[in-house]
Amino acid sequence: MNMNIIIHDRKELVISNILKDNSMETRVISNNEKIQPCICCFACWIKTPGKCIIKDGYDNMGELLSRCSQLIIVSHCYYGGFSPFVKNVLDRSICPFILPYFETKNGETRHPRRYKNEIDYSVHFYGKATESEKETAEKLVKRIAQKQKRTVCFYNSFEEIKGI
């Protein structure tokens, strides 16, 4: 089953035309202030493949991403990266979503993905960002999305994207 996932760092987020397919289930991941940082124990690779052992409500990110067809991220741009909350969610998603071994393709050595679904990444950064920070953010999203479809947008303030 495919779904939309929205990860955001705001207390509230109005969604409307940001979703390409409103008929799919949409999961909104926001800061409940209970998320714990990844402890790099690798249990999600070895002991409980694809599932984080930290039980704080964010332990199922790998499973959610396995069903995701559109991933929307709304984040304040911090020096060309994600806000602390969004970064934490993505950190907790990485190992459950990829396999522990390496493969080399086109001169790049990477972990292969655990799941083969196609994800359309749509990242919306807000806040004043320099051209250098925007370039860094675009490279970051390109690395995360790998060869999949991705869109990166920048806004000077959250108010510019409120209601997207």
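What percentage of the 164 residues in the protein chain is buried? In this predicted model, buried residues account for 46% of the chain. The accessible surface amounts to about 9,100 Å², and carbon and sulfur atoms contribute 54% of that area.

The overall dimensions were examined next. Along the principal axes, the C-alpha atoms occupy a box of roughly 45 × 35 × 30 Å. Among contacts between residues at least 6 apart in sequence, 68% connect residues at least 24 apart.

The secondary structure comprises four helices and seven strands. Read from the N terminus, the elements follow the order β-β-α-β-α-β-β-β-α-β-α.

Strand β6, formed by residues 120-126, is mostly covered, with seven of its seven residues buried. In a regular strand, side chains alternate between the two faces of the sheet. Both faces of β6 are covered: D120, S122, H124 and Y126 are buried on one side, and Y121, V123 and F125 are buried on the other. Strand β3 (residues 68-76) runs parallel to β6 and is joined to it by seven bridges; within this pairing, V74 has H124 as its bridge partner. Strand β7 (residues 150-155) is likewise parallel to β6, with six bridges between them, and T151 of β7 stands opposite S122.

The largest nonpolar core contains 27 residues, of which I5, I7, I29, L71, I73, F82 and V89 touch the most other members. Two or more residues of this core come from each of β1 (3-8), α1 (61-66), β3, α2 (84-97), β6 and α3. Helix α2 gives the most, with five residues. Apart from this core lies another, of seven residues, including I6, I72, Y126 and F158.

The surroundings of I7 illustrate the packing in detail. When residues up to four places away in sequence are not counted, I7 touches I29, M61, L71, I72, I73, V74, V86, V89 and L90. Among these contacts of I7, I29, L71, I73 and V89 are also listed with the residues that touch the most other members of the largest core. Another contact of I7, V74, is the residue whose bridge partner in β6 is H124, and H124 is itself buried.

How values were computed:
Residues are numbered from 1 along each chain as its sequence is written. This is a predicted model: local features need pLDDT of at least 70, side-chain atom pairs count only at pLDDT 80 or more; totals for chains, interfaces and linings use all residues. Side-chain values use heavy atoms; hydrogens and water are left out. Buried means under 20% relative accessible area, exposed over 50%, partly exposed in between (1.4 Å probe, protein chains only). Two strands pair if DSSP finds at least two bridges between them. Contact means heavy atoms within 4.5 Å. Accessible areas come from the Shrake-Rupley method with a 1.4 Å probe; for residues, only the protein chains shown count as cover. A nonpolar core is a set of buried Ala, Val, Leu, Ile, Met, Phe, Trp, Tyr and Cys residues joined through side-chain atoms within 4.5 Å.
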